[in-house]
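I opened this one to see how the parts hold on to each other. My notes are below, in the order I looked things up.

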Amino acid sequence: MTSSDISVRNLWKVFGAGGAKIPLDPELSALPSSQLLERTGCVAAVKNMNFDVAKGEVFVIMGLSGSGKSTLIRCLTRLIEPTSGSVTIGGRDILQARPAELRELRRQKMSMVFQHFGLLPHRTVLDNVAYGLQIRGAAKNERYARSREVIELVGLKGYESHFPEQLSGGMQQRVGLARALAGDPDAILFDEPFSALDPLIRRDMQAEVIRLHKDMGKTMVFVTHDLSEALKLGDRILIMRHGEAVQCGTGDELVGSPANDYIADFVSEVPRSDVLTLKWIADPVAAGTPGDAPVLSSDTIIRDAISTVMHSSSPVLVEESGTIMGQIDRDSILSVLHGAVPHGTRAAA
């Protein structure tokens, strides 16, 4: 992994009187959430969380309602004050930051996009997008020029003079996204930004995030309760339950090698051929496989390999980092399409 933009270590958020003692007490900190609530009256919304987000990565935090995911992302900016631990952003532990330094970090290093837009109803699109720059003290010409750039970037050119009430939900969320981008932050945090949108608008906004990430390469932390959204957007996905991390990995790692029965059930409805890559189903190269057989990369999604495999008269070789690491054939593909568990060299590892 490349250098981390965000590093979280031993992070706790405990709600309730006396919550500060929970992380320090080995017995209490080990209790399941229900027992901790019964014994202490405290709720551990985030429990001993540890992860890194690489520079330029899209890191998705997901879980069901009440899992602690929104509390966690708000702890990253201290919109909710953590109980203990550390959150390092750009080499600075924000839990140790004084109020003035924290304000500067929020203005310069990170922006947040919320589910309910948070637009100022009495301000136009242009003035909403420019608001953060105004708070920074940017000159009017400078902040308007930058705001017009990002308004065009998110597809709202021509709407600069409109007010939020004149926009659809999807357009309002584009304004929120433009506002987050206007200050050119190192990282953008998304707290379930599309969950209130209609399905078609939501799909469009997901595509917009993918496009913007490709164009700008920003570090992004994205909270969602929707697994399909997580798989579509995330380089890696952290699944939470009862305030704890259950598994963190790429989409194909979660689907191909779930850490426990909870994760297996969580991903059970995911079409494997849309997520798993050839490395999960490749078998050792058979003695009779011709050396001039077709070759596909081990990172090829199974769905994208179907045509090549079905039209080949021989098994298809699978290459990884310049080396042939296995082969696949029609049976390999068909077994996945029929819902079989991966059986290849990677799955067996």
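**Ground rules.** I'm working on a predicted model, where local features need pLDDT of at least 70, side-chain atom pairs count only at pLDDT 80 or more, and totals for chains, interfaces and linings use all residues. Residues are numbered from 1 along each chain as its sequence is written, and side-chain values use heavy atoms, with hydrogens and water left out.

**Overall.** I got a C-alpha trace spanning about 70 × 60 × 35 Å along its principal axes. The secondary structure comes to 14 helices and 13 strands; these are DSSP runs numbered from the N terminus, helices being H or I with at least four residues and strands E with at least two. Of the 349 residues, 48% are buried. My cut-offs there: buried is under 20% relative accessible area, exposed is over 50%, and partly exposed is in between, with a 1.4 Å probe and protein chains only. I also looked at contacts, meaning heavy atoms within 4.5 Å. Among those with a separation of 6 or more, 67% come from residues 24 or more positions apart.

**Domains.** I have domain 1 at 4-267 and domain 2 at 272-338, with bounds from an automatic or database domain assignment. Their centres, taken over C-alpha atoms, are 37 Å apart. How many residues are in contact across the two domains? I find seven from domain 1 and six from domain 2. Together the domains bury about 500 Å², 72% of it on carbon and sulfur atoms. That number is the accessible area (1.4 Å probe) that two parts lose on being put together, summed over both. On the domain 1 side, Asp252, Val255 and Gly256 lose the most area, together 77% of what that side buries.

I then checked for charge pairs across this interface and found one salt bridge. The rule wants a side-chain nitrogen of Lys or Arg within 4 Å of a carboxyl oxygen of Asp or Glu. Asp252 and Lys279 meet in a salt bridge at 3.9 Å, N to O.

**Salt bridges elsewhere.** The count for the structure comes to 20.

- Asp52 pairs with Arg9, and their closest N and O atoms are 2.8 Å apart. This links distant parts of the chain, with Asp52 in strand β2 (residues 43-54) and Arg9 in strand β1 (residues 4-15), 43 residues apart. Arg9 is partly exposed at 33% relative accessible area.
- Arg146 and Glu149 meet at 3.2 Å, N to O. Both are in helix α6 (residues 140-153), three residues apart, about one turn of the helix. Arg146 is partly exposed at 22%, and Glu149 is partly exposed at 47%.
- Arg202 reaches Asp226, with the closest N and O atoms 3.6 Å apart. Arg202 is in helix α8 and Asp226 in the loop between β8 and α9 (227-233), so the pair ties together parts 24 residues apart in sequence. Arg202 counts as buried at 12%, whereas Asp226 is partly exposed at 22%.

**Rings.** I count four aromatic pairs. Rings of Phe, Tyr and Trp (its six-membered ring) pair if their centres lie within 6.5 Å; planes under 30 degrees apart are stacked, over 60 edge-to-face, and the rest tilted. Is the Phe194 and Phe222 pair stacked, edge-to-face or tilted? The centres are 5.7 Å apart and the planes at 55°, so this pair is tilted. Phe194 is in the loop between β7 (187-191) and α8 (199-216), and Phe222 is in strand β8 (residues 219-224), so the pair ties together parts 28 residues apart in sequence.

The charged end of Lys13 sits over Phe15, 4.9 Å from the ring centre. Arg143 lies over the face of Tyr144 at 5.8 Å.

**Helix α5.** Which residues of α5 (residues 125-136) are buried? I get Val125, Leu126, Asn128, Val129, Ala130 and Leu133. These pack against α6 and α7 (169-182). Gly137 follows α5, with a positive phi near 100°.

Technical notes. Lys NZ or Arg CZ within 6 Å of the ring centre and 35° of its normal.
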